[in-house]
Amino acid sequence: MAAFRQRIVAPLLATLVGAAVTIGAQSPSPGISAPDNTSFFGLTPQFAVSPDGQQLVFVAAATGRSQMLWSRSLATGVARALPGTEQASYPFWSADSQSVGFFASGKLKTLRVASGGLAIVCDAPTGRGGTWNSSNVIVFASGIGDPLRKVMSAGGEPTVVTT
């Protein structure tokens, strides 16, 4: 049980606390704004800071376009759109800060940020957030009121973690 808490529950709680901090926020930080001709997407901004503290990933919509993921270097402030992430919501980082998990079109997906390698992990009809540990296990909420599920980041059939 202690190993479960350390590997699954602790990162999930950190994600939930981070989400709670953003409620009512106008932007992820007073000093961070959406790129030109875009706006943060959602009732509250959806963003995640990489575990290494070097990048921010967030959901924004360009004028007249669907929302998608953007990555911003916290060192340079430069933001770039991440192709293949249209309709994205609720992003979260891998433990190694190399990949991002997100939900789009009823699926849980992952993206290698540097290379753009996109993968579908599993079905997640109305994904609501997740966390990705160093053992490459993703724990996620597949919908409001649904139990938490876990799946390997390489893909597979998710299994129920909570009731």
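Author: Buried means under 20% relative accessible area, exposed over 50%, and partly exposed in between, with a 1.4 Å probe and protein chains only. This is a predicted model, in which local features need pLDDT of at least 70 and side-chain atom pairs count only at pLDDT 80 or more, while totals for chains, interfaces and linings use all residues. Residues are numbered from 1 along each chain as its sequence is written, and side-chain values use heavy atoms, with hydrogens and water left out.

Reader: Which residues of S10 are buried, and on which side?
Author: Gly129 and Thr131 are buried on one side and Gly130 and Trp132 on the other, which leaves both faces of S10 covered. Strands here are DSSP runs (E, at least two residues; helices are H or I, at least four), numbered from the N terminus.

Reader: What sheet does S10 belong to?
Author: An open one of four strands, in the order S10-S11-S12-S13, with antiparallel pairing. Strand S10 (129-132) and strand S13 (159-160) are at the edges with a single partner strand each, so one side of each has no neighbour in the sheet. Two strands count as paired if DSSP finds at least two bridges between them.

Reader: And how many bridges for S10 with S11, and for S11 with S12?
Author: S10 and S11 pair over four bridges in the antiparallel sense, and Gly130 has Phe140 as its bridge partner in S11. Strand S11 (residues 137-141) is joined to strand S12 (residues 148-152) by five bridges, again antiparallel, with Val139 opposite Lys150 in S12. In the hairpin of S10 and S11, four residues lie between the strands, and Asn136 takes a positive phi near 65°.

Reader: Switching topic, what makes up the largest nonpolar core?
Author: Twelve residues, among them Val57, Leu69, Trp93, Val100, Phe102 and Leu111; such a core is a set of buried Ala, Val, Leu, Ile, Met, Phe, Trp, Tyr and Cys residues joined through side-chain atoms within 4.5 Å. Strand S3 (55-62) and strand S7 (99-104) are the elements that give two or more residues to this core, and S7 supplies the largest share, three residues. Apart from it lies another core, of ten residues, including Cys122, Trp132, Phe140 and Val151.

Reader: What does Val100 touch?
Author: Leaving aside neighbours within four places in sequence, Val100 is in contact (heavy atoms within 4.5 Å) with residues including Val57, Leu69, Trp93, Leu111 and Trp132.

Reader: Where is Thr85, and is it buried or exposed?
Author: Thr85 sits in the loop between strand S5 (79-81) and strand S6 (89-93), and it is buried, with a relative accessible area of 0%. A polar atom of the Thr85 side chain lies 2.9 Å from the backbone nitrogen of Leu69.

Reader: How many salt bridges?
Author: The count is one salt bridge, taken as a side-chain nitrogen of Lys or Arg within 4 Å of a carboxyl oxygen of Asp or Glu. Lys107 forms a salt bridge with Asp123, with the closest N and O atoms 2.4 Å apart. Lys107 is in strand S8 (residues 107-112) and Asp123 in strand S9 (residues 118-123), so the pair ties together parts 16 residues apart in sequence.

Reader: Where does pLDDT stay under 50?
Author: Over residues 12-30. The protein chain averages a pLDDT of 82, and 76% of the residues score at least 70, pLDDT being the predictor's confidence in each residue, from 0 to 100. Where pLDDT is low, the predicted coordinates should not be read in detail.

Terms used: Polar contact = N/O pair within 3.5 Å; in protein donor to acceptor, adjacent residues only side chain to side chain.
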